[in-house]
Amino acid sequence: RLKCSAPAGAMDLELKAELANRKNEIITLLRQAEALRRDPSAIIPLKPEGRRPPLFAIPGHNGDVFCYRALASRLDPDRPLLGVQPPGLHDGEPVRSIDELARYQVDQIRRFRPEGPYLLAGYCAGGTIAFEIARQLTEQCQEVAFLALFASPFPARYRLRAQIEILAGD
């Protein structure tokens, strides 16, 4: 049974009928909210529906996973799209290296989906992080079936040696 604790008089017959007509939709939404509450906080469902393996989307330098909204609307209806937020975006301490950031995100991804195959996408600086996530997952004997880099520089550009060479003019 679906119960509502509205003040007396707030629920007219029309509203009661509307709630009754949308009962299954409301219950599905509540179940999804409960499941999300248990999931890792770094995983943001941009398009949670679908039975195929999800595409994990790594945002650019600002950490905003909502840059993938347009992609979400164009994906196969059966392919979920999940954003992976970096730590420290809203609370806590941010990480200071790509390896450490990728390690954190691999942990979040594997808590959400313990076994592959994994599908990854990265936008801008997130492409470098997605590349490192793929490397770490592969190192853990997990299958990375797909890796897309959108507007991303070559992943090695962020390595310390590459930065020193750029500064030195080599």
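These legends walk you through several close-up views of one predicted model.

The model is predicted, so local features are described only at pLDDT of at least 70 and side-chain atom pairs only at pLDDT 80 or more, while totals for chains, interfaces and linings use all residues. Residues are numbered from 1 along each chain as its sequence is written, and side-chain values use heavy atoms, with hydrogens and water left out.

**View 1. The protein chain with its helices and strands.**
Helices (H or I, at least four residues) and strands (E, at least two) are DSSP runs, numbered from the N terminus. Starting at that terminus, the order of elements is α-α-β-β-α-β-α-β-α-β-α. Of the 170 residues, 31% are buried; buried means under 20% relative accessible area, exposed over 50%, and partly exposed in between, using a 1.4 Å probe and protein chains only. Take contacts (heavy atoms within 4.5 Å) between residues at least 6 apart in sequence: 73% of them join residues at least 24 apart.

**View 2. Helix 4 and its buried face.**
Helix 4 covers residues 98-112, and its 15 residues reach 21 Å from first C-alpha to last, close to the 21 Å expected at 1.5 Å a residue. The expected span is 1.5 Å times one less than the number of residues. Its buried residues are L101, A102, Q105, V106, Q108 and I109.

**View 3. Helix 5, a mostly covered helix.**
How many of the 15 residues of helix 5 are buried? The count is 11, and among them are A125, I129, I133 and L137. Strand 2, helix 4, strand 4 and strand 5 are included in what covers them. The end C-alpha atoms of helix 5 are 22 Å apart, which agrees with the 21 Å that its 15 residues should span at 1.5 Å a residue. Just after this helix, look for C141, which takes a positive phi of about 65 degrees.

**View 4. Q142 in its loop.**
Q142 sits in the loop between helix 5 (125-139) and strand 5 (144-150). Is Q142 buried or exposed? Q142 counts as buried because its relative accessibility is 9%. A polar atom of its side chain lies 3.0 Å from the backbone nitrogen of G116. Beyond its neighbours within four places in sequence, Q142 is in contact with R110, P114, E115, G116, Y118 and L137.

**View 5. G83 in strand 3.**
Here we visit G83, a residue of strand 3. G83 is buried, with a relative accessible area of 0%. Leaving out neighbours within four places in sequence, the residues in contact with G83 are A42, I43, I44, L46, A57 and V65. Y68 is 15 residues from G83 in sequence, and their C-alpha atoms are 7.9 Å apart in space.

Notes:
Polar contact = N/O pair within 3.5 Å; in protein donor to acceptor, adjacent residues only side chain to side chain.
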